[in-house]
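Here's a quick tour for anyone meeting this structure for the first time. Have a look at the sequence and the model, then read on.

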Amino acid sequence: MASSSRVLLAVAVGGAAGAVLRFLLGEVAPDGAGFPWTTFAINVVGCALLAGLELLPLARRSETWAAGIGPGLLGGFTTFSATSEQGRSLLAAGDTLLAGGYLLGTLAACLVAVGVVGRIAPPLPREDEM
């Protein structure tokens with residue numbers, strides 16, 4: 001199997017696993033009415049994990065694993081489309097302040113999560129630097 005085919009397969013498998021994981025979390029803890037906490041948490045956690053992806057030696061050393069975990073698993077796990085739809089739904093319901101807080105809060109929380117991981121992450125071993 002060519003390298004690009006392996007990467008594509010890894011993204012597909014990871015994406016399916018991430019989407020199923022997100023769906024199951026939504027089943028266990030549905031968003032319900034008001035602030036969509038489950039989707040919010042999924043996106044923040046997914047962003048933090050993606051920011052820390054290079055901390056995994058497996059992801060640093062293998063393009064296939066990096067693609068399978070990053071764009072695949074974590075890409076399928078996080079959901080910008082659901083966040084956008086939930087924001088639209090809150091606006092349609094007349095919850096303008098909540099919609100704005102949710103949409104901007106999600107972006108801000110994701111950026112903070114990525115920043116925190118970047119600050120607390122240990123330096124990569126010299127042999128792993130690209």
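Let's start with the cysteines: counting a disulfide as a pair of cysteine sulfur atoms within 2.5 Å, the total here is zero. This is a predicted model, where local features need pLDDT of at least 70, side-chain atom pairs count only at pLDDT 80 or more, and totals for chains, interfaces and linings use all residues. Residues are numbered from 1 along each chain as its sequence is written, and side-chain values use heavy atoms, with hydrogens and water left out.

**Cysteines**
- Cys47 is in no disulfide, and its nearest cysteine sulfur, that of Cys110, is 3.5 Å away.
- Cys110 is buried, with a relative accessible area of 10%, while Cys47 is partly exposed at 23% (buried means under 20% relative accessible area, exposed over 50%, partly exposed in between, with a 1.4 Å probe and protein chains only).

**Helix H6**
- H6 covers residues 96-120; helices here are DSSP runs of H or I, at least four residues, numbered from the N terminus.
- Its 25 residues should span 36 Å at 1.5 Å a residue, and the end C-alpha atoms are 35 Å apart, which agrees (the expected span is 1.5 Å times one less than the number of residues).
- Buried residues in H6 include Tyr102, Thr106 and Cys110.
- The buried residues of H6 pack against helix H2 (37-51) and helix H5 (80-92), with contact meaning heavy atoms within 4.5 Å.

**Annotated spans**
- An unreviewed UniProt entry annotates residues 34-53, 65-82 and 102-121 as "transmembrane region"; such annotations may be inferred rather than shown by experiment.
- Residues 34-53 are 75% helix and 0% strand, with end C-alpha atoms 32 Å apart.
- Residues 65-82 are 89% helix and 0% strand, with end C-alpha atoms 26 Å apart; strands are DSSP runs of E, at least two residues.
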